[in-house]
Structures are given as C-alpha cells and as structure tokens.
Amino acid sequence: MQLKQILADAVARLTAEHVPSPRMNAELLFMFTLGCDRAYLYAHPERELTGDEQSRYEAALSERSRGLPAQYITGHQEFWGMDLIVSPAVLIPRPETEHVIETVVELAGLTGDGGPRSPHTGLRLADIGTGSGCIALALAQELPQAEIHATDISTPALEVARANAARHQLESRIQFHQADLLEGFENSSFDFIVSNPPYVGESEEDQVQLEVRKFEPRNAVFAGPTGLEVIARLIPRAHAALRPSGWLVMEISGTISEEVRRLLRDWNDVRIRPDLQSIPRVAQARK
Ligand SMILES: C[S@@+](CC[C@H](N)C(=O)[O-])C[C@H]1O[C@@H](n2cnc3c(N)ncnc32)[C@H](O)[C@@H]1O
C-alpha cells in the first residue's frame, strides 16, 4: 500500500476516534515509524510501505487511538529548542513552562537589590520536581556559569532527567538528587529556587483532559485535594533555602493564583505573570 493512502486512512481513523489534531498526529507517527521528516512524507507519496513498516505504524496508531499521548509513543518532546526524551515516568514538558525559563533569565539579569548583574556571575539554582529535567537543562544552557541542582521525589523520573542531561552534554552542569522538595538543602543560600510543582487539585480532576489523567504520572499532576498542597509546603522551605533577596519562581494555574499570592504575602516583589492565553502562569517572589 502507498504512503499517501495509509496516511489518509490514518487521518480518517484518528478523526473518527476523536483524537485531537488527527493529521498532525498521523504525520508525527509516520515520521517516527519511518525515521524521516515531514518533507519526506510529501516528497514520496507513492512510496510503498513494507509489511514491517505497516505493522509498526498500525501499532503506533492503535496506541494513539486508545489515548496514549504521541510523545510517549515516540519518546520525544521539544522544550526550549532541545529534543528531550520522555517516558510515562515523567510529565510531558509543556510550552507554557517556557515562561518559567524566560522569567528566571530575566531576573538573573538583576542583582538582589534590583540593579543590573551579569548573568555570567556564579548563580546557585535549584529546580524542584525536575521530571524530565526540562527546566534544569534549559537554565543550564541559558546560564552557563550557574551551579544547578535538580530534585525529584521520583527515582524513575530522575533517570529520565539524567539521560536528558547526558544527551545534551549537560551532565557535568546539573547535580540530580532524589529528595522531597528541598530536603537536604536547608540553609543553602540559593539565588533561585525554580519549580513547576504538581498544582492540580483532585477536586478539579474531571476538568483535566482524560489523556493527562490516564497516562501522565499522577504525582506529577495532582498535589492533593485543593492543588495547593505541594506549593504550600514548598514556599516556607524555599524561604529557608534562599539567600536574602533570592528569588522563588514557580509555575502555577489560574485556579490557585490568588491563594498563591496569599501564601506569598510576607515575600517581596510578588508578581504573577500571565501566559499567552492570559492565564496566570508564573509566580515570582523575592525573599
Ligand atoms: C508538574 S511535574 C514537572 C516536571 C518538570 N519540571 C516539567 O516542568 O515538565 C512535577 C514533578 O514534581 C515531582 N514531585 C512531586 N512531589 C514532589 C516532592 N514532594 N518533592 C520533589 N518532587 C516532587 C514529580 O515527580 C514531577 O516530576
């Protein structure tokens, strides 16, 4: 059977099964199966697929049809221009998390008292709940002189993060630790504590996409009944582990933004930045 016919059938099947962006998914899985880019798909519409290629494509399509995110099928997701390995042990990095990186890079250009500072002076940073390592890796690239620590409570997630650091030759730049939040880093004098913590409440579970609920790690998504449980523990621990005037930068959601502002009432320069959909997304606060 020819590539163009198989692709058309796949788009029809994914559409019928209500998979979002069916053409994009069908093409992505084709590129994964054939190890090619999109241009190849359009340049060779009459290419006959081997039996092995057809059965591998069929297997990938079946997984996608049952809701498994394409990134867990291909094992890859792009973040901050880097190709990252992902597995069901880690949250799939989201584009909105790039606002966390933008915020830290911007604040790293300031001194503790608000004046200019070279981003090349030695900063100490901690990424809490590193998952795939996406935040720690992006910051290691952007702040080449920074000392970076990354923690996660999940051992399988840390294995993925370490693999990503090795893949991008950043393993010597990031120290990974299995820890509950900042356990072991009390009184550490960090310049930045950065986190995309679990922040969805179990009470809003039915508003979360089925694919996320079924396939992404529960302890990466849900914090507890209200969604604030991990952040409420992180804020005082971050205060203890930051140097005076150090910054806490966290990804949050619109649902909890006012509660987060309340929890940060004793901090300085609190600001909540919106994402591209104008949803409150990044909370920053200075010790
Ligand atoms: C929302 S995911 C973020 C992953 C990654 N930083 C990102 O932005 O894609 C939250 C991560 O926090 C980790 N986590 C949950 N509770 C934790 C805790 N108490 N201490 C450390 N890490 C925790 C989870 O294992 C998960 O990897």
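Q: How many bridges join strand S3 to S6, and do they run parallel or antiparallel?
A: Four bridges join S3, residues 124-128, to S6, and the two run parallel. Keep in mind that this is a predicted model.

Q: Okay, which residue in S6 is the bridge partner of Ala-126?
A: That's Ile-193.

Q: What holds strands together like that, in general?
A: Strands of a sheet pair through backbone hydrogen bonds, either parallel or antiparallel.

Q: And what about S6 and S9, how many bridges there?
A: Five bridges join S6 to S9, which covers residues 242-251, and this pair is parallel. One spot to look at is Phe-192, which stands opposite Trp-247 in S9.

Q: Is S6 mostly covered or exposed, then?
A: Mostly covered: six of its six residues, 190-195, are buried.

Q: Can we zoom out? What's the strand order in the sheet?
A: The order is S5-S4-S3-S6-S9-S11-S10. It's an open sheet of seven strands with mixed pairing.

Q: Which ones are the edge strands?
A: Strand S5 (174-178) and strand S10 (268-274), and each of them pairs on one side only.

Q: How much twist is there from one strand to the next?
A: The twist averages 15°.

Q: New topic: the ligand. How many residues surround it, and which are the closest?
A: There are 20 residues around the ligand. The closest are Gly-129, Asp-152, Asp-180, Leu-181 and Asn-196.

Q: Asp-152 again! How far is its side chain from an oxygen atom of the ligand?
A: An N or O atom in the Asp-152 side chain is 2.6 Å from that ligand oxygen.

Q: What about Asp-180 and Asn-196?
A: Asp-180 has a polar side-chain atom 2.7 Å from a nitrogen atom of the ligand. For Asn-196, a polar side-chain atom lies 2.8 Å from a ligand oxygen.

Q: How much of the ligand does the protein bury?
A: The protein buries 95% of the 600 Å² that the ligand exposes when taken alone.

Q: What classes of residue make up the shell?
A: The shell has 10 nonpolar, seven polar and three charged residues.

Q: Last one: which helices supply residues to that shell?
A: Helix H7 (134-142) and helix H10 (218-221) each supply at least two.

How values were computed. Residues are numbered from 1 along each chain as its sequence is written. This is a predicted model: local features need pLDDT of at least 70, side-chain atom pairs count only at pLDDT 80 or more; totals for chains, interfaces and linings use all residues. Side-chain values use heavy atoms; hydrogens and water are left out. Buried means under 20% relative accessible area, exposed over 50%, partly exposed in between (1.4 Å probe, protein chains only). Two strands pair if DSSP finds at least two bridges between them. A residue is near a molecule or strand if one of its heavy atoms lies within 4 Å of it. A polar contact is a pair of N or O atoms within 3.5 Å; within protein, one must be able to donate a hydrogen and the other to accept it, and residues adjacent in sequence count only if both atoms are side-chain atoms. Accessible areas come from the Shrake-Rupley method with a 1.4 Å probe; for residues, only the protein chains shown count as cover. Ala, Val, Leu, Ile, Met, Phe, Trp, Tyr, Cys and Pro count as nonpolar, Asp, Glu, Lys and Arg as charged, and the others, Gly among them, as polar. Axes are lines fitted to C-alpha atoms, for helices over the stretch in contact, and angles run from 0 to 180 degrees between N-to-C directions.
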